[in-house]
Amino acid sequence: MKLTLLALISYVFMLASASSQNVLVEAEMFSDPGGWDLDQQSMDVMGSPYLLAHGLGVPVKDAVTEVQIPVRGAYRVWVRTRDWVAPWRVPGSPGRFQLLVNGKPLATTFGTHGADWAWQDGGVVEAGGSTRLALHDLTGFAGRCDAVLFAKDSGFVPPNDIAELTAWRRSALGLPPTPADGGSYDLVVVGGGVAGTAAAVSAARQGLSVALVQDRPVLGGNASSEVRVWPEGHTRQKPFPHIGDIVEEICPKKSSASGNGKGGEVYEDQRKMAVVKEEPGLKLFMEHRVNSVDTKGAHVMSVTAQHVRTARRVKISGKLFADCTGDATVGFLAGADFEVSEEGSMGASNLWNVLDQADQKQVLKCECKDKDALSMLAEAGQVAAPFPRVPWALNLTDKPFPGRKGAKGQWANTPISNLGGWFWESGFDKDSIKEIELIRDLNMRAMYGAWDALKNVDGLYPNHRLGWSAFIAGKRESRRLMGDVVLKAEDFRKGTKWPDPAYPNSWHIDIHVPHPAFGKDLKGQEFISEATTGKEYQYKGPYWAPYRTLYSRNINNLFMAGRNISVDREAIGPVRVMRTCGMMGEVVGKAAWICVRHDVSPRGVYDQHLALLQKLMQQPGGMRRKNVEGSLELPTGAGVK
């Protein structure tokens, strides 16, 4: 039998753990994930990536893999999972699934108890030799599986404490104790959103050796097909009209299809990837999540990243680092000064949309995981789309929400446009790092509760179904790293001028709070936001913010770009939109070259070479540096049109 790469890796790991007579199978290592999605966004909290059955109410295709159980005999089977609605103490367990061993389901139904991640006992089975496993989703409502364990000792209980569990996992999988050498670079950029991608491309075109580390299979972050927030912010503004050139290369152009939560093709994932892959000096580490940082004094020496599917770790060294994670992960782990909002924070969105099964065009464009079955039903004229009652969802049967009769979200018009828009947001009183799974799950409960109310209570949309929903949360706010300047909202209002203007801002002072019209009796579960409006949230633009917000004040080789830069809580409003974040990245890439060329810190660029930085900011973003003396050339086929 010909094995895929992941199947081979899984097979090797199974053999490596044979000496303990325990066979551990990580769900993310299944050779064929079927319709299950890989979710890594809370792995630092719960200990691992996991597979998610995100079927929007339709069971997804089985995830399957082949494992080798060296010694035939009786094994107790453990599955690490959770009942994801248990934190709210509501009836029902929507994330139910079965484990099939050689085609036969275990008697236990998994995902049915426990508010926290834990090992659920699956009973004892006879197994040995080549064994086929399958995760069989029963509901399509966000079942989740972290790992499966076959324990020869029926009395053995696997650890669940995160530190102990992590060490045990690595031993059971036969993983090496030290990370592999991922190389050394002039600049290591962590985070492959618009900011990080722009920073990496900018630095590579300056002639630096660059590593770009991204924990998802696509680039773009919130502007990718996974999250689908439309990138905003005006680029190419005077007096530096070439700042934004790279952003325009990697971000899609506006069209009639533009907007939040649209079809996946609108966000042009391949566009970003193509630009990155054209840079010979740029090495891409996709699906790698940084979870460790090595420092020496106030200097970052390296980061260690774990591959989210194989769990292999790699150590990436560098002269300079750029934290473009949004969560300030590198800075936090390195001991950089940071702030978080004490008065609550903006929440995270999970955008979603619906489609009409009676419309053949919509059916053909459907991104749902049962598209073939849906197409056959549509061809047969079976266009009704029933939806089950969901007592575990947010109970909105007697509550208003955008899209229901008489209720509208901010700046939304038609009833359909009120569903799944940017204002479907939760987590205002929660930690967007430690509680991101809970925040995402609350968004899903709100979506399912609203759809239940519209279809089963109001009797609307009989032929409509949920068409797509993000399962990666679209974060707006978390940690902010402090630089030599902490930009304040008052600086925008007063038009404070800086000697080191670096990136233009055009978005208003946009802070989201729970919408008062939709939060009654939902304290802690608010799911609709309202953006700040009025003259006090406007300013004269474009407003050029200072370079000194783009590097850490106490870690001397750390840049940052994106929503985790040095601003106060209100000032995050105008700087967080993605085209603006991308322009920060462009400037970081140029400043990094000055650091390497002249052997100075990011602070030294301001202190000693500000005129040179501003000269570089006047040059087209499509140009590549040809040699260390500073001449530039336009790369073949590149440049801004």
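S202 is buried, because its relative accessibility is 3%, and the cut-off for buried is under 20%. This is a predicted model. S202 sits in helix α4, which runs over residues 194-205.

What does S202 touch, not counting residues up to four places away in sequence? The partners are I246, G585, E586, G589 and K590.

K253 is found in a loop. That loop runs between α5 (245-250) and α6 (269-277). K253 counts as partly exposed because its relative accessibility is 45%. The value falls between the cut-offs of 20% for buried and 50% for exposed.

Setting aside neighbours within four places in sequence, K253 contacts W230, E248, S258, E268 and R271. One of these partners, E248, also makes a polar contact with K253. The two side chains meet at 3.4 Å.

K540 is 287 residues from K253 along the chain.

## Salt bridges: the D441 and R82 pair

Side chains of opposite charge can pair when their charged atoms come close. The structure contains 44 salt bridges. One of them joins D441 and R82, with an N to O distance of 3.7 Å. D441 belongs to helix α10 (residues 436-457), while R82 is in the loop between β4 (63-81) and β5 (97-101), so this bridge ties together parts 359 residues apart in sequence.

Are D441 and R82 buried or exposed? D441 counts as buried because its relative accessibility is 1%. R82 counts as buried too, at 6% relative accessibility.

## Salt bridges: the E287 and R309 pair

E287 and R309 form another salt bridge through their side chains, at 2.9 Å from N to O. This pair links distant parts of the chain, 22 residues apart. E287 is in the loop between β12 (282-286) and β13 (288-296). R309 is in the loop between β14 (299-307) and β15 (313-323). Both E287 and R309 are buried.

## Salt bridges: the D294 and K315 pair

The side chains of D294 and K315 also meet in a salt bridge, with 3.8 Å between N and O. Which parts does this bridge tie together? D294 is in strand β13 and K315 in strand β15, so the bridge ties together parts 21 residues apart in sequence.

D294 is partly exposed, because its relative accessible area is 29%. K315 is partly exposed as well, with a relative accessible area of 34%.

Some salt bridges share partners. In this way D39, R82, R144, E437, R440 and D441 are joined into one network.

## A nonpolar patch on the surface

Which residues form the nonpolar patch on the surface? The members are F332, L333, F338 and V340. Together they have about 320 Å² of accessible area.

F332 lies in helix α7, which spans residues 329-334. F332 counts as partly exposed because its relative accessibility is 37%. Patch residues need over 30% relative accessible area, so F332 passes that cut-off at 37%.

Terms used:
Residues numbered from 1 in each chain as written. Predicted model: local features only at pLDDT ≥ 70, side-chain atom pairs only at ≥ 80, totals over all residues. Heavy atoms only, no water. Patch = residues over 30% accessible without salt bridge, like charges linked within 9 Å, V, L, I, M, F, W, Y side chains within 5 Å. Areas by Shrake-Rupley, 256 points an atom, 1.4 Å probe, with all protein chains shown as cover. Salt bridge = Lys/Arg side-chain N within 4 Å of Asp/Glu carboxyl O. Helix = DSSP H or I, 4+ residues; strand = E, 2+ residues; numbered from the N terminus. Buried < 20%, exposed > 50% of the residue type's maximum accessible area, 1.4 Å probe, protein only. Contact = heavy atoms within 4.5 Å. Polar contact = N/O pair within 3.5 Å; in protein donor to acceptor, adjacent residues only side chain to side chain.
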